[in-house]
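Subject: Structure handover

Hello,

Here is the structure I promised to pass on. Please have a look at it first, and then read my notes below.

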Amino acid sequence: MSIISLTDITASYGSKGVLKHFSLDIGQGEFVMLIGTSGCGKTTALKLMNGLLKPDAGRVVVNGKDLADTDLTALRRKLGYVVQETGLFPHLTIEKNISYVADLYGKRDKKAVRERVSQLLALVELPEEVRRRYPDELSGGQKQRVGIARALMNSPEIMLMDEPFGAVDEITRRRLQEEIGRIHRQQKETIVFVTHDIDEALRLGTRIVVMDEGKIIQDGTPEEIRANPATDFVKKLISDR
Ligand SMILES: Nc1ncnc2c1ncn2[C@@H]1O[C@H](COP(=O)(O)OP(=O)(O)O)[C@@H](O)[C@H]1O
Ligand SMILES: [Mg+2]
(Lines give C-alpha, C1' and ligand atoms only; values in the text may rest on other atoms or scores of the structure.)
(Ligands and ions follow the chains in the order given, each with its own letter.)
Protein backbone atom coordinates (compact mmCIF):
# COMPACT_ATOMS: atom_id res chain seq x y z
CA MET A 1 0.00 0.00 0.00
CA SER A 2 1.40 3.36 -1.02
CA ILE A 3 1.07 6.34 1.24
CA ILE A 4 2.02 8.72 -1.59
CA SER A 5 1.31 7.98 -5.17
CA LEU A 6 1.96 10.16 -8.21
CA THR A 7 0.54 8.60 -11.35
CA ASP A 8 1.29 9.69 -14.90
CA ILE A 9 1.80 13.31 -13.91
CA THR A 10 2.32 16.21 -16.27
CA ALA A 11 3.37 19.38 -14.47
CA SER A 12 4.45 22.76 -15.78
CA TYR A 13 4.83 26.43 -14.96
CA GLY A 14 3.06 28.33 -17.71
CA SER A 15 4.51 27.07 -20.96
CA LYS A 16 7.51 25.47 -19.24
CA GLY A 17 6.98 21.71 -18.99
CA VAL A 18 8.78 20.13 -16.02
CA LEU A 19 7.39 16.65 -15.43
CA LYS A 20 5.97 14.42 -18.14
CA HIS A 21 4.43 10.98 -17.53
CA PHE A 22 5.98 11.06 -14.09
CA SER A 23 5.00 8.25 -11.73
CA LEU A 24 6.27 7.48 -8.25
CA ASP A 25 4.82 5.30 -5.48
CA ILE A 26 6.08 5.64 -1.94
CA GLY A 27 5.32 3.11 0.79
CA GLN A 28 4.62 3.79 4.44
CA GLY A 29 7.81 4.30 6.43
CA GLU A 30 10.17 4.65 3.48
CA PHE A 31 12.95 7.24 3.59
CA VAL A 32 13.09 8.29 -0.05
CA MET A 33 15.86 10.52 -1.35
CA LEU A 34 15.01 12.46 -4.51
CA ILE A 35 18.28 13.40 -6.13
CA GLY A 36 19.23 15.17 -9.34
CA THR A 37 20.87 18.30 -10.68
CA SER A 38 19.36 21.72 -10.12
CA GLY A 39 16.23 22.34 -12.19
CA CYS A 40 15.41 18.66 -12.86
CA GLY A 41 12.04 18.90 -11.07
CA LYS A 42 12.66 17.71 -7.49
CA THR A 43 10.91 20.61 -5.76
CA THR A 44 8.12 20.37 -8.31
CA ALA A 45 7.59 16.69 -7.41
CA LEU A 46 7.53 17.56 -3.70
CA LYS A 47 5.06 20.42 -4.17
CA LEU A 48 2.71 18.08 -5.98
CA MET A 49 2.70 15.86 -2.90
CA ASN A 50 1.36 18.57 -0.59
CA GLY A 51 -0.90 20.21 -3.13
CA LEU A 52 1.13 23.44 -3.41
CA LEU A 53 1.19 22.70 -7.12
CA LYS A 54 -1.56 21.09 -9.16
CA PRO A 55 -0.71 18.74 -12.02
CA ASP A 56 -1.93 19.50 -15.55
CA ALA A 57 -2.70 15.81 -15.86
CA GLY A 58 -2.38 12.72 -13.74
CA ARG A 59 -3.34 11.80 -10.20
CA VAL A 60 -1.82 12.54 -6.82
CA VAL A 61 -3.05 10.35 -3.97
CA VAL A 62 -1.81 10.91 -0.41
CA ASN A 63 -3.00 8.82 2.50
CA GLY A 64 -5.67 7.29 0.30
CA LYS A 65 -7.06 10.69 -0.77
CA ASP A 66 -6.99 12.10 -4.28
CA LEU A 67 -5.69 15.63 -3.85
CA ALA A 68 -7.91 16.89 -6.66
CA ASP A 69 -10.87 16.58 -4.31
CA THR A 70 -9.38 16.85 -0.84
CA ASP A 71 -9.39 19.67 1.67
CA LEU A 72 -5.74 20.71 1.39
CA THR A 73 -5.71 22.51 4.74
CA ALA A 74 -6.72 19.31 6.50
CA LEU A 75 -4.13 17.37 4.51
CA ARG A 76 -1.28 19.76 5.31
CA ARG A 77 -2.01 19.45 9.00
CA LYS A 78 -0.78 15.88 8.67
CA LEU A 79 2.26 16.73 6.56
CA GLY A 80 5.51 18.16 7.84
CA TYR A 81 7.28 20.39 5.32
CA VAL A 82 10.85 21.60 5.79
CA VAL A 83 12.61 23.90 3.34
CA GLN A 84 16.16 25.17 3.05
CA GLU A 85 15.39 28.74 4.10
CA THR A 86 13.50 27.33 7.13
CA GLY A 87 10.71 29.88 6.67
CA LEU A 88 10.76 30.78 10.38
CA PHE A 89 8.78 33.86 11.37
CA PRO A 90 11.33 36.47 12.52
CA HIS A 91 8.91 38.26 14.85
CA LEU A 92 7.87 35.10 16.73
CA THR A 93 9.83 33.35 19.47
CA ILE A 94 11.18 29.86 18.84
CA GLU A 95 8.40 28.50 21.03
CA LYS A 96 5.76 30.28 18.92
CA ASN A 97 7.44 29.24 15.70
CA ILE A 98 7.37 25.58 16.71
CA SER A 99 3.79 25.64 18.01
CA TYR A 100 2.55 27.75 15.10
CA VAL A 101 0.71 24.94 13.34
CA ALA A 102 -0.89 23.80 16.58
CA ASP A 103 -2.04 27.35 17.31
CA LEU A 104 -3.22 27.73 13.74
CA TYR A 105 -5.44 24.68 13.97
CA GLY A 106 -6.93 25.77 17.25
CA LYS A 107 -5.27 23.57 19.85
CA ARG A 108 -6.35 25.39 22.97
CA ASP A 109 -4.63 23.25 25.57
CA LYS A 110 -1.71 25.58 26.30
CA LYS A 111 -0.03 23.22 28.73
CA ALA A 112 -0.07 20.34 26.25
CA VAL A 113 1.37 22.60 23.57
CA ARG A 114 4.14 23.78 25.91
CA GLU A 115 5.00 20.21 26.79
CA ARG A 116 5.07 19.18 23.16
CA VAL A 117 7.48 22.05 22.40
CA SER A 118 9.76 20.83 25.21
CA GLN A 119 9.62 17.29 23.87
CA LEU A 120 10.50 18.49 20.35
CA LEU A 121 13.36 20.70 21.54
CA ALA A 122 14.82 17.64 23.26
CA LEU A 123 14.26 15.53 20.15
CA VAL A 124 16.22 17.92 17.91
CA GLU A 125 18.75 18.47 20.70
CA LEU A 126 18.20 22.16 21.35
CA PRO A 127 18.42 23.55 24.91
CA GLU A 128 15.15 24.58 26.60
CA GLU A 129 16.32 28.18 26.87
CA VAL A 130 16.14 28.80 23.11
CA ARG A 131 12.35 28.74 23.29
CA ARG A 132 12.24 32.39 24.33
CA ARG A 133 14.70 33.55 21.70
CA TYR A 134 13.99 34.85 18.21
CA PRO A 135 15.23 33.22 15.00
CA ASP A 136 17.98 35.79 14.35
CA GLU A 137 19.46 34.90 17.75
CA LEU A 138 20.19 31.35 16.54
CA SER A 139 22.88 29.85 14.32
CA GLY A 140 22.00 28.44 10.90
CA GLY A 141 22.13 24.87 12.19
CA GLN A 142 19.95 25.71 15.18
CA LYS A 143 17.39 27.35 12.90
CA GLN A 144 17.27 24.18 10.81
CA ARG A 145 16.61 22.19 13.98
CA VAL A 146 13.74 24.55 14.81
CA GLY A 147 12.42 24.04 11.28
CA ILE A 148 12.44 20.27 11.83
CA ALA A 149 10.82 20.59 15.26
CA ARG A 150 8.08 22.77 13.80
CA ALA A 151 7.41 20.28 11.02
CA LEU A 152 7.11 17.51 13.63
CA MET A 153 4.72 19.49 15.89
CA ASN A 154 1.56 17.72 14.82
CA SER A 155 3.23 14.28 14.66
CA PRO A 156 2.85 14.05 10.90
CA GLU A 157 2.94 10.66 9.23
CA ILE A 158 4.72 12.23 6.27
CA MET A 159 7.70 14.60 6.23
CA LEU A 160 8.56 16.41 3.01
CA MET A 161 12.03 17.91 3.20
CA ASP A 162 13.41 20.13 0.43
CA GLU A 163 17.22 20.45 0.67
CA PRO A 164 16.79 21.15 4.38
CA PHE A 165 20.50 21.06 5.20
CA GLY A 166 21.78 22.89 2.14
CA ALA A 167 22.65 26.13 3.90
CA VAL A 168 24.68 24.83 6.85
CA ASP A 169 28.34 23.91 7.23
CA GLU A 170 29.55 20.35 6.72
CA ILE A 171 29.88 19.41 10.40
CA THR A 172 26.41 20.73 11.26
CA ARG A 173 24.99 18.99 8.21
CA ARG A 174 26.43 15.67 9.41
CA ARG A 175 24.85 16.14 12.82
CA LEU A 176 21.47 17.08 11.38
CA GLN A 177 21.64 14.05 9.07
CA GLU A 178 22.32 11.78 12.03
CA GLU A 179 19.44 13.38 13.86
CA ILE A 180 16.87 12.95 11.12
CA GLY A 181 18.08 9.36 10.67
CA ARG A 182 17.50 8.73 14.36
CA ILE A 183 14.08 10.41 14.30
CA HIS A 184 13.10 8.21 11.36
CA ARG A 185 14.24 5.05 13.13
CA GLN A 186 12.30 6.04 16.26
CA GLN A 187 9.11 7.41 14.77
CA LYS A 188 9.00 5.65 11.41
CA GLU A 189 7.42 8.51 9.49
CA THR A 190 7.46 8.39 5.73
CA ILE A 191 10.12 10.85 4.60
CA VAL A 192 10.65 12.29 1.14
CA PHE A 193 13.91 14.21 1.15
CA VAL A 194 15.20 16.30 -1.76
CA THR A 195 18.94 16.70 -2.14
CA HIS A 196 21.55 17.28 -4.80
CA ASP A 197 24.22 15.68 -2.61
CA ILE A 198 24.81 12.01 -3.49
CA ASP A 199 26.67 11.40 -0.21
CA GLU A 200 23.65 12.62 1.72
CA ALA A 201 21.38 10.43 -0.42
CA LEU A 202 23.47 7.29 0.08
CA ARG A 203 23.85 7.94 3.80
CA LEU A 204 20.21 8.59 4.66
CA GLY A 205 17.88 6.91 2.21
CA THR A 206 16.27 3.50 2.33
CA ARG A 207 15.54 4.24 -1.32
CA ILE A 208 17.09 6.59 -3.83
CA VAL A 209 15.23 8.05 -6.78
CA VAL A 210 17.58 9.64 -9.30
CA MET A 211 15.99 12.25 -11.55
CA ASP A 212 17.23 14.00 -14.66
CA GLU A 213 15.29 16.46 -16.78
CA GLY A 214 11.95 15.64 -15.21
CA LYS A 215 12.33 11.89 -15.48
CA ILE A 216 13.26 9.12 -13.08
CA ILE A 217 16.37 7.43 -14.39
CA GLN A 218 17.01 5.07 -11.50
CA ASP A 219 15.07 3.96 -8.46
CA GLY A 220 16.64 1.59 -5.97
CA THR A 221 18.29 1.01 -2.63
CA PRO A 222 21.61 2.75 -1.92
CA GLU A 223 23.33 -0.62 -2.41
CA GLU A 224 21.70 -1.12 -5.82
CA ILE A 225 22.55 2.40 -6.97
CA ARG A 226 26.16 1.97 -5.87
CA ALA A 227 26.57 -1.49 -7.38
CA ASN A 228 24.66 -0.96 -10.62
CA PRO A 229 24.40 2.66 -11.71
CA ALA A 230 21.80 2.55 -14.50
CA THR A 231 23.24 5.24 -16.76
CA ASP A 232 26.39 7.27 -17.29
CA PHE A 233 24.66 10.11 -15.45
CA VAL A 234 24.28 7.98 -12.31
CA LYS A 235 27.80 6.57 -12.74
CA LYS A 236 29.14 10.11 -12.80
CA LEU A 237 27.11 11.09 -9.71
CA ILE A 238 28.65 8.18 -7.82
CA SER A 239 32.20 8.59 -9.10
CA ASP A 240 32.32 12.37 -8.63
CA ARG A 241 32.02 12.00 -4.89
N1 LIG B 1 7.42 29.20 -10.18
C2 LIG B 1 8.06 28.85 -11.29
N3 LIG B 1 7.82 29.49 -12.47
C4 LIG B 1 8.45 29.14 -13.61
N5 LIG B 1 9.37 28.15 -13.70
C6 LIG B 1 9.66 27.50 -12.56
C7 LIG B 1 9.03 27.80 -11.31
N8 LIG B 1 9.52 26.97 -10.36
C9 LIG B 1 10.42 26.19 -10.98
N10 LIG B 1 10.52 26.49 -12.32
C11 LIG B 1 11.36 25.81 -13.30
O12 LIG B 1 10.97 24.45 -13.37
C13 LIG B 1 12.09 23.59 -13.46
C14 LIG B 1 12.11 22.62 -12.29
O15 LIG B 1 12.22 23.34 -11.09
P16 LIG B 1 12.36 22.65 -9.66
O17 LIG B 1 11.36 21.58 -9.52
O18 LIG B 1 12.35 23.74 -8.68
O19 LIG B 1 13.83 22.00 -9.77
P20 LIG B 1 14.79 21.41 -8.66
O21 LIG B 1 14.09 21.47 -7.35
O22 LIG B 1 15.10 20.02 -9.10
O23 LIG B 1 16.03 22.26 -8.69
C24 LIG B 1 13.31 24.51 -13.50
O25 LIG B 1 13.68 24.70 -14.83
C26 LIG B 1 12.81 25.79 -12.88
O27 LIG B 1 13.50 26.90 -13.39
MG1 LIG C 1 14.54 22.56 -5.66
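**Pockets**

The lining of the second largest pocket divides into 3 nonpolar, 6 polar and 4 charged residues; here Ala, Val, Leu, Ile, Met, Phe, Trp, Tyr, Cys and Pro count as nonpolar, Asp, Glu, Lys and Arg as charged, and the others, Gly among them, as polar.

Before going on, a word on the ground rules: this is a predicted model, in which local features need pLDDT of at least 70 and side-chain atom pairs count only at pLDDT 80 or more, while totals for chains, interfaces and linings use all residues. Residues are numbered from 1 along each chain as its sequence is written, chains are lettered from A and ligands numbered from 1 in the order in which they are written, and side-chain values use heavy atoms, with hydrogens and water left out.

Back to that second largest pocket: its volume is about 210 Å³ (the space filled by probe spheres set on grid points joined across faces, edges and corners). Its lining has 13 residues, and Val-18, Gly-39, Cys-40, Gly-41 and Thr-44 are the closest to its centre. A pocket is an open set of points on a 1 Å grid over the protein atoms alone, where a 1.4 Å probe fits, with protein on both sides within 12 Å along at least five of seven lines; lining residues have an atom within 4 Å of a point.

The largest pocket holds about 470 Å³ of space. It is lined by 21 residues, with Arg-76, Leu-79, Tyr-81, Val-101 and Arg-150 nearest its centre. The largest share of this lining, 5 residues, comes from β6. Where does the largest pocket lie? Domain 1 (2–78 + 156–239) and domain 2 (89–155) both give residues to its lining, so it lies between them; the domain bounds come from an automatic or database domain assignment.

**Helix α1 and the cores**

In α1, 6 of the 8 residues are buried, so this helix is largely enclosed by the rest of the structure. Buried means under 20% relative accessible area, exposed over 50%, and partly exposed in between (1.4 Å probe, protein chains only). The buried residues of α1 are Lys-42, Thr-44, Ala-45, Leu-46, Leu-48 and Met-49. Just after α1, Gly-51 has a positive phi of about 75°.

The largest nonpolar core has 42 residues, and Ile-98, Ile-148 and Met-161 touch the most other members (such a core is a set of buried Ala, Val, Leu, Ile, Met, Phe, Trp, Tyr and Cys residues joined through side-chain atoms within 4.5 Å). Apart from it lies another core of 30 residues, including Leu-6, Ile-9, Phe-22 and Leu-53.

Arg-207 is in strand β9 (residues 207–212). Is Arg-207 buried or exposed? Its relative accessible area is 12%, so Arg-207 is buried.

Most residues other than glycine have a negative phi. Asn-63, however, has a positive phi near 55°; it is found in the loop between β4 (57–62) and β5 (65–66) and is partly exposed, at 32% relative accessibility. Ser-155 also has a positive phi, of about 45°, and is in the loop between α5 (140–152) and β7 (158–162).

Best wishes

Note on methods. Helices (H or I, at least four residues) and strands (E, at least two) are DSSP runs, numbered from the N terminus.
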